[in-house]
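I opened the model to look up a few things. My notes follow in the order I checked them.

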Number of protein chains: 2
Amino acid sequence: MLKGHQSWLFKNRPVILSTGTVVGPDEGKGPLAADFDIVHDDLTVGQKSWEKAEKALLEEAAQRALAKAGLTDGQIQFYVGGDLMNQIISNTFAVRTLNMPYIGIFGACSTSMEGLALAAQLMDSGAANYVMAGTCSHNCTAEKQFRYPTEYGSQKPPTAQYTVTGAGVAVLGKSGDGPVVTAATIGRIVDMGITDPFNMGAAMAPAAVDTIQTHCRELERDPSYYDLIVTGDLAAVGTSIARELFEKHHFPIEQTTYSDCGLMIFDRETQTVQAGGSGCGCSATVTYGHLLKRIAAGELKRILVVATGALLSPLSFQQGESIPCIAHAVAIESGGVYV
Amino acid sequence: MLKGHQSWLFKNRPVILSTGTVVGPDEGKGPLAADFDIVHDDLTVGQKSWEKAEKALLEEAAQRALAKAGLTDGQIQFYVGGDLMNQIISNTFAVRTLNMPYIGIFGACSTSMEGLALAAQLMDSGAANYVMAGTCSHNCTAEKQFRYPTEYGSQKPPTAQYTVTGAGVAVLGKSGDGPVVTAATIGRIVDMGITDPFNMGAAMAPAAVDTIQTHCRELERDPSYYDLIVTGDLAAVGTSIARELFEKHHFPIEQTTYSDCGLMIFDRETQTVQAGGSGCGCSATVTYGHLLKRIAAGELKRILVVATGALLSPLSFQQGESIPCIAHAVAIESGGVYV
């Protein structure tokens, strides 16, 4: 049901029955490696192109999630997902394999929580019995499409971020063991005029702050309601700006632990990832792999995941447009045993 | 509520309070010209790039729909939409102007009904009071991105289709005068192995047939329930294939009138549009401009709009992949006076 202007309260508390997370070699060397279902030591995942590799990651994550939930693809009413690739081909070609009715979405790196929010809304309103939400990214497909040919090995400024190679999928059901989705806030586009595509964190931070503050206001929850508020991929630069904005707005973020998936997935001391991780796969694998395990272990009870997206295209950048950004928030709470 | 496996029955019958349709010069010379709100005689719409022109069409359509409904942008809870451009920039930049919470979607030319289906679902389940669904396409942005630089003037085979320059937007509310959305069916990906991007109609026809048959089966409605079943942009080649498939499957399409928006928007005798129209704007402008006016005039009572999408990217085509296709169906019925 609608709560406030742009938030949903899920009274039926749809359950995340299972998740699947598959990552690449860099993520496999990061601090969260043990929390992912599959770690590939080969960026090609045995495929002939980076794009086919990205699709393969998502197919594996989906199959793993289905197996854990004891479901077949035929039992899933709707797959909700998208990715960074033009025409979201990674999701489309994966869902061709999975053969599920398909709701394609695009929110750049915010796609993970846009999908989970919509999936939970469908579940909560009785529009589905089982929904799968998924997304993925691949460092080399993103570099190739958004930046430079990977063979160039071009240098990057320290504000740049390193796109995560990974796929994360969640299966939602009406009841069962697992954490529950209790609320979501759909973000607005916030554009502060930043035009540097190598500083996405700075561009996205105001959108994240806007969504977090709106969420807390509309749900009438203080930040202290959550044990953890985590943004998607603001990384070091964006997280720092977000903290400044919270302070400027007198928003009591200090009531809770605030962190960022882009800071959690890599070790910036030992890995060359500039400001930190990014990509649709970043918040998806950290949330579905790491954070839900911490909920299962009882270390966290309530978290708010705020996936952030920079909605530019190479063409809009070339035409001198600034970077419109968005953030979607989903509240996940402890609900029982988690697989 | 869920009906069957992949359909929704909207018991609360959300109302299409108003629509906005804006088209370019070719559509303004077609047989439906009088049904559109604004016809531009300049493909640039006074903008500096084709992309900015496409965005401007959508902004105009949205503003026109808001004005007709007597609403302001601040009253719309969610904008649901997308387009053909990489990273759906036309919708994103338009929604930056409109300042509404944004659910970005991608379904290629099926985006129109994917958006309307989701919008109606949000309305039906009480997740919103007002939702706007919108989409757009521009002949020159699509040519440039998917085919050849527009300056080439490259020749096309007769199976090719002509991307509509146009934007269509609908505003949904809980009650009021206007046609109502009564059901929707979310499509599956159907890929029959066709690899020719100049024959999209043939590639998409099986997906349209699959969705129409699934819709009728799950809603327990014969084709005769509808006065008109209209596909999105199969155009001449695809429509012919769809008719063959209905016959082969012994599906009684002859119980109703079956047509295609791609055949309606242009006059193929006098306009050089090869097999007919295509693009997100095709089904959106024909539905929101023409078909809803026919419902308002009492000429139609119940229609099923089945928007079709070819989910390829230039890259997937270059890598030898076939064209995955999808179709989403929305049932619209007479519900009162329509503006």
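I started with strand pairing in chain A of this predicted model. Strand β14 (residues 302-310) of chain A runs antiparallel to β15(A), and nine bridges join the two.

Next I checked β10 (residues 180-185) of chain A. This strand also pairs with β15(A) in the antiparallel sense, over five bridges. Here A:Ala184 is the residue opposite A:Val330.

Is β15(A) buried or exposed? I went through residues 325-333 of chain A, and nine of the nine are buried, so the strand is largely enclosed by the rest of the structure. I then took the two faces in turn. One side carries A:Cys325, A:Ala327, A:Ala329, A:Ala331 and A:Glu333, all buried.

I turned to the nonpolar cores. The largest has 100 residues, and A:Trp8 and B:Trp8 touch the most other members. A second, separate core holds 72 residues, including A:Val45, A:Ala94, B:Ala56 and B:Ala108. As background, nonpolar side chains tend to be buried together in soluble globular proteins.

Then the interface. I noted 60 residues of chain B in contact with 60 residues of chain A. The buried area between the two chains is about 4,800 Å², with 60% of it from carbon and sulfur atoms. How many salt bridges are there between chain B and chain A? The count is six. I looked at one of them, B:Glu321 with A:Arg96, where the side chains meet at 3.1 Å, N to O. Polar contacts across the interface come to 30 residue pairs.

Which elements of chain B supply at least two residues each to the side that touches chain A? I listed α2 (50-69), α3 (89-98), β6 (102-104), α4 (111-124), α5 (139-146), α10 (314-318) and β15 (325-333). The largest share, five residues, comes from α3(B).

Last, I checked backbone angles. Most residues other than glycine have a negative phi. A:Ala235 has a positive phi, near 55 degrees. This alanine lies in helix α7 (residues 235-248) of chain A. A:Ala235 is at 0% relative accessibility, so I logged it as buried. B:Arg13 also has a positive phi, near 45 degrees. I placed B:Arg13 in the loop between β2 (7-9) and β3 (15-23) of chain B. B:Arg13 is at 39% relative accessibility, so I logged it as partly exposed.

Terms used: Residues are numbered from 1 along each chain as its sequence is written. Chains are lettered from A and ligands numbered from 1 in the order in which they are written. This is a predicted model: local features need pLDDT of at least 70, side-chain atom pairs count only at pLDDT 80 or more; totals for chains, interfaces and linings use all residues. Side-chain values use heavy atoms; hydrogens and water are left out. A nonpolar core is a set of buried Ala, Val, Leu, Ile, Met, Phe, Trp, Tyr and Cys residues joined through side-chain atoms within 4.5 Å. Buried means under 20% relative accessible area, exposed over 50%, partly exposed in between (1.4 Å probe, protein chains only). Helices (H or I, at least four residues) and strands (E, at least two) are DSSP runs, numbered from the N terminus. Two strands pair if DSSP finds at least two bridges between them. Contact means heavy atoms within 4.5 Å. Buried area is the accessible area (1.4 Å probe) that two parts lose on being put together, summed over both. A salt bridge is a side-chain nitrogen of Lys or Arg within 4 Å of a carboxyl oxygen of Asp or Glu. A polar contact is a pair of N or O atoms within 3.5 Å; within protein, one must be able to donate a hydrogen and the other to accept it, and residues adjacent in sequence count only if both atoms are side-chain atoms.
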